[in-house]
Amino acid sequence: MPTYDPYDLWSSPWGVAARRRYYEGSFSGKVGAVAIGLADWLFPQFSRWALNGKPRTYPIVVAQECLRARIQGTQDPDSRTKVLQALQDLAWQREDEVWGWGLGFPWMSKNGLYGPEIPFVTHTPYVMEALLVLSEWPELCDPAMRLFHGTWGFLASLQIMQEGQDDLALSYAPVAEPRIVVNANSYAAFAYALHAIYGKEARRKEAEHRAERLARWVVHQQASNGAWFYYADREPGNFIDCFHSCFVVKNLRKVKQLLPSLTDLVEPAIHQGWQFLQNAFFDGQARLCRRFAARAHRDPFCWDLYDQAEFLGLLVDFGELDRAKLFASQVEARFRRNGDWYCKIDLLGRRWGKHFLRWGIVPFWYQRARLDAQIRGDEKIEIGNQRIS
């Protein structure tokens, strides 16, 4: 499913250079960032053509479409085989059977430059879930589980950023990083929880122990009002936004579901985080979720589909189906036009990012499928003896 992406211009050599200088505080970086940002906003299709941008296939999109097909019952043998092959082709892999998945393009962040080959702990768990779904089919079980078990080596390659007697924080990727990303550690906790249930028998106790330590660290980062900052610090450039906050709550719920023994540890944080999300982000007048509770930068966009997708997922998780149906209808009315989906709405009320699937569109489709399935009464993806939402 090749698609354009909001990061197309920023992943070009010019975009990477502009972001690097911008984060260094240089005037030329600020000018370059404004110029690229304006081109991206005002002329999204033309600017991608001018910079020879190419649509890409993203592992997180393939994985979520696999999960959606599982919920809707639309998988067939040919498509399942193609999905597994695509995930294998898109993977970061070492000779010693270590597998992980990332963006597939260069990404300059406040933490530095991540090359296109770098896997991320925020992306790999989606593929792990898809691999477990694919493993349900006898002809795909062995190759799918080979990739799943290979993610253990990827997780082990993440650097220890902070470690206490009973908690642990890891890096976003297997590279040196100056700042700890909170939602990334919630994904790491979820990934280890998956290994605690579905991983090799000899690793399961260690995986459960690591999931608990990671979850405890995430819980410790929560502010008294229920919020989580993006970075585990209060340095310049930090922020609190909607969809990353949703990720933390979602992942803690999945950890609890896989490892019920951790319920007492994570349940208070889940409850408080969900209350914060509803109070800080949901706009009762617009009936959409705002993007930020604490900003680090400005841009021309007012609404983002990714926020709506992840908030919808939590409405489903918490069983608020009537509210979820109304919310989903409002989101579709705002972000869909004449059958086309857009990922953002700007300050002029214009829809932006037509068919940029990775950024919110496929996540919304997936959560909408979960809502429809829950209304039907079969909302869970059954994998082995566990039920993963």
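Mentor: A residue is called buried when its relative accessible area is under 20%, exposed when over 50%, and partly exposed in between (1.4 Å probe, protein chains only). By that scale Asp-8 is buried, with a relative accessible area of 8%. This is a predicted model, in which local features need pLDDT of at least 70 and side-chain atom pairs count only at pLDDT 80 or more, while totals for chains, interfaces and linings use all residues. Residues are numbered from 1 along each chain as its sequence is written, and side-chain values use heavy atoms, with hydrogens and water left out.

The partner of Asp-8 is Arg-56: their side chains form a salt bridge, 3.5 Å from N to O (a side-chain nitrogen of Lys or Arg within 4 Å of a carboxyl oxygen of Asp or Glu). Asp-8 sits in the segment before α1 (13-23) and Arg-56 in the loop between α3 (44-50) and α4 (59-72), so the pair ties together parts that are 48 residues apart in sequence.

Another one joins Arg-146 and Glu-97, whose closest N and O atoms are 2.9 Å apart. This pair links distant parts of the chain, with Arg-146 in helix α7 (residues 138-157) and Glu-97 in the loop between β1 (92-94) and β2 (98-100), 49 residues apart. Arg-146 is partly exposed at 34% relative accessibility, and Glu-97 is partly exposed at 33%.

A further salt bridge is formed by the side chains of Asp-166 and Arg-216, at 3.7 Å from N to O. Here, too, distant parts of the chain are linked: Asp-166 lies in the loop between β5 (160-163) and β6 (168-170), and Arg-216 in helix α9 (residues 204-220), 50 residues away. Asp-166 is partly exposed at 37% relative accessibility, whereas Arg-216 is buried at 16%.

Axes are lines fitted to C-alpha atoms, for helices over the stretch in contact, and angles run from 0 to 180 degrees between N-to-C directions. The crossing of α4 and α14 is left-handed, which is to say that the near helix is turned anticlockwise from the far one by less than a right angle, clockwise being right-handed.

On the α4 side the contact (heavy atoms within 4.5 Å) includes Ile-60, Val-61, Leu-67 and Ile-71. On the α14 side it includes Leu-357, Val-362, Trp-365 and Tyr-366. Sorted by class, the residues of this contact are 11 nonpolar, 2 polar and 5 charged. Here Ala, Val, Leu, Ile, Met, Phe, Trp, Tyr, Cys and Pro count as nonpolar, Asp, Glu, Lys and Arg as charged, and the others, Gly among them, as polar. In α14, 15 of the 20 residues are buried, so this helix is largely enclosed by the rest of the structure. After α14 comes Gly-377, with a positive phi near 100°.

Helix α8 (residues 182-198) and helix α10 (residues 242-258) pack at an angle of about 20°, their axes 9 Å apart. They are therefore roughly parallel to each other, and their crossing is left-handed. Among the residues in contact are Val-182, Phe-190 and Ile-197 of α8, and Phe-247, Val-248 and Leu-258 of α10. The contact of α8 with α10 has 12 nonpolar, 4 polar and 2 charged residues.

Last, the backbone. Most residues other than glycine have a negative phi. Arg-287, not a glycine, has a positive phi of about 60°; this residue lies in the loop between β8 (282-283) and β9 (288-289) and is partly exposed at 45%. Asn-338 also has a positive phi, near 55°. Asn-338 is in the loop between β12 (336-337) and β13 (340-346) and is exposed, with a relative accessible area of 73%.

Methods. Helices (H or I, at least four residues) and strands (E, at least two) are DSSP runs, numbered from the N terminus. Angles under 35 degrees count as roughly parallel, over 145 as roughly antiparallel, 65 to 115 as roughly perpendicular and the rest as oblique.
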